[in-house]
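Hi everyone, thanks for coming. I'd like to walk you through one structure today, so please have a look at it before I start talking.

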Amino acid sequence: MSNSKEENQRWRIESRLAQIGSQEEPVTGAVSFPIYQSTAFRHPKLGQSTGFDYARTKSPTRKVLEDAIAELESGDAGFACSSGMAALQTIFALFSQGDHLIVSLDLYGGTYRLLERIMSRFGVTATYVDTNNLDELEANIKPNTKAILIETPTNPLMMITDLELVCSWAKKKGILSIVDNTLLTPFFQRPIELGADIVIHSATKYLGGHNDVLAGLIVTKGKELSEQMAFLHNSIGAVLNPQDSWLLMRGMKTLAIRMERHQANALAVASFLKSHPQVEAVYYPALPDHPGHDIQNKQSSGNSGIFSFKLKDARYVEPILRHIKLIAFAESLGGVESLMTYPAVQTHADIPEEIRRRIGVDDKLLRYSVGIEHVDDLIADLSRAIDLARQEIEENQPLTLG
Ligand SMILES: *Cc1c(COP(=O)(O)O)cnc(C)c1O
C-alpha cells in the first residue's frame, strides 16, 4: 500500500526524496518503481477505466514523478514535460492574444527567446523589470497584465526577489505568480509556501542532477489552475517519456545530499575567488555582502552551487577556459560535474547586448556551476588556470622601454 499524503508529510524532505516511488508498487513490492512503457491501457468494461487510458494524458511512471514533485513543492498537481522549455510553453498557453506578462530582467536566455520570438507572434507581450522592486512593478503593470514570472536567484547575476512580498502584491492585483525554481529546488526553497501559484523547473539541472536527462516540471496550486494545466499538458502533448521519468526520479532520490555538497563547495570556491587579486566581483547570495543575502536567508534554507564572478580584465577569460582541467567548459548547470560557462556568448547570447549590459552580463563575467568533486581539487584547478592565464598575458605584454 502506498502512503497517504498526510503520512508522507510527517517525514522530513530528505526522507521523502529518498523514498520517491519506493512504496508505490503494490503487486511485486518493487522498491525501484517500474518503467511502464505502455501507451494504451485496457478498459475493464464499457464506461470503466483503471485511471489510465492513453499515455499522453496519464502514464504510470510519469504519475509517480508528478505526484512526488507536487508534494515536494507543497502544490496540488504536478506535470512532467519533455524539457524546461516545454514546461514554460505549456504554462504560457494559459495566456491569450492581448495578454501581458511582467518578467524578471536577468532572465534565462531560452525563456526570453520563447517570449520574444514566439509568444510575441501570438500577441502575448512581456516587460522585463527588477522583480524585487515594487515601484518598478507598480509602474509596469497594465490592465491586461495576467502574470508575473520570477526567477530567484536569477542567473547569472544571482539577483534575489522577495517572494512573499511580490506574490502578495500579485495576489492583490489579481495576477498569477509563476516562479522558476530551477536553481534552488524544493530542497532549499518552496515558492508555493510563499504565495506562488505555479512553480516551474528545468529538471535537466539539479533535480536530474547528472547531466543525463532533459526534463521540465510544473507544479500548480489550486483546483481550477490544476485542471486548466492538466488540459493544456494533455492537449499540447510535450510530456516526459517513461524512461526519462524514471531516470529523473532516480536522480531526485539523492537531491538532498547533492545540494548540501554543491552549497558547501560553492561557498568555499566563491570565498577563494573573492579574495583573488584578478577577480573584481563575486555574485553569490550566500556571501554576506550580496545585496540579496538577507532575503535569500529569510525565504530559502540554503544556496545552490551556482555563482558568477567578474574578472578585472576580459583578456583572462579565454586562457582560463582553456586551462581549466577538472572543471569543464560547457553550457549547463546543476549536475554533479563542475561546469563553467561564458554567459555573454553562450547561455545569454539571445538577449540583446543592450539589455545584457544594463544588467551587467558583460565580457568579463564567468558563471560557475560548482559540482560535488573534492573542493580542494576545484580550487587548485581554478587557481592554476588563473595563474597560467596571468603568465600568458604578461608574456604577451609589449616590453616597455625604460
Ligand atoms: C535550463 C533552464 C531552463 C530551460 O530548461 P531546459 O530543460 O533546458 O529546456 C529554464 N529556466 C532555467 C532557469 C534554466 O536554467
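Let me begin with a definition, because I'll be using element names throughout: helices here are DSSP runs of H or I with at least four residues, strands are runs of E with at least two, and both are numbered from the N terminus. Please also keep in mind that this is a predicted model.

With that in hand, let's go to the second largest pocket. The largest share of its lining comes from H4, which gives three residues. Which elements give two or more residues to that lining? If you sort the lining of the second largest pocket by class, you get nine nonpolar, twelve polar and six charged residues.

What does H4 pack against? One partner is helix H9. H4 spans residues 84-92 and H9 spans residues 223-236, and the two pack at an angle of about 120°, with 9 Å between their axes. Angles from 65 to 115 degrees would count as roughly perpendicular and those over 145 as roughly antiparallel, and H4 and H9 are therefore oblique to each other. Their crossing is right-handed. On the H4 side, Gln-89, Thr-90 and Ile-91 take part, and they meet Met-229, Leu-232, His-233 and Ile-236 of H9. In that contact of H4 with H9 there are four nonpolar residues, three polar ones and no charged ones.

Another partner of H4 is helix H5, residues 109-118. Here the packing angle is about 45°, and the axes of H4 and H5 are 10 Å apart. H4 and H5 are therefore oblique to each other. H4 passes H5 in a right-handed crossing. Looking at the residues, H4 brings Met-85, Leu-88, Gln-89 and Phe-92, while H5 brings Gly-110, Thr-111, Leu-114, Leu-115 and Ile-118. By class, the contact of H4 with H5 has six nonpolar, three polar and no charged residues. Notice Gln-89, by the way: it belongs to the contact with H9, and it belongs to the contact with H5 as well.

Let me move to another helix pair, H11 and H15. Helix H11 covers residues 255-274, helix H15 covers residues 375-396, and they pack at an angle of about 30° with their axes 10 Å apart. That makes H11 roughly parallel to H15. The crossing of H11 and H15 is right-handed. From H11 the contact takes in Asn-265, Ala-268, Val-269, Phe-272 and Leu-273, and from H15 it takes in Val-375, Leu-378, Ile-379, Leu-382, Ser-383 and Ile-386. How do these residues divide by class? The contact of H11 with H15 has nine nonpolar, two polar and no charged residues.

How many cavities of 30 Å³ or more does the structure hold? The answer is one. The largest cavity has about 40 Å³ of space. Its lining is made by Ser-104, Leu-105, Asp-106, Val-129, Asp-130, Thr-131, Glu-151, Thr-154, Met-159 and Thr-161. Those lining residues of the largest cavity divide into three nonpolar, four polar and three charged.

Where are the cis peptide bonds I'd like you to look at? One joins Thr-152 and Pro-153, with omega about -5°, and another joins Asn-155 and Pro-156, with omega about 15°. Pro-153 lies in the loop between strand S4, residues 145-151, and helix H7, residues 163-173. Pro-156 is found in the loop between S4 and H7 too.

Ser-74 is not a glycine, yet its phi is positive, at about 55°. You'll find Ser-74 in the loop between helix H3, residues 60-72, and strand S1, residues 77-81.

Notes
Residues are numbered from 1 along each chain as its sequence is written. This is a predicted model: local features need pLDDT of at least 70, side-chain atom pairs count only at pLDDT 80 or more; totals for chains, interfaces and linings use all residues. Side-chain values use heavy atoms; hydrogens and water are left out. Axes are lines fitted to C-alpha atoms, for helices over the stretch in contact, and angles run from 0 to 180 degrees between N-to-C directions. Angles under 35 degrees count as roughly parallel, over 145 as roughly antiparallel, 65 to 115 as roughly perpendicular and the rest as oblique. A crossing is left-handed if the near helix is turned anticlockwise from the far one by less than a right angle, and right-handed if clockwise. Contact means heavy atoms within 4.5 Å. Ala, Val, Leu, Ile, Met, Phe, Trp, Tyr, Cys and Pro count as nonpolar, Asp, Glu, Lys and Arg as charged, and the others, Gly among them, as polar. On a 1 Å grid over the protein atoms alone, a cavity is a set of points where a 1.4 Å probe fits but cannot get out, and a pocket is an open set with protein on both sides within 12 Å along at least five of seven lines; lining residues have an atom within 4 Å of a point. Grid points are joined across faces, edges and corners, and a volume is the space filled by probe spheres set on the points.
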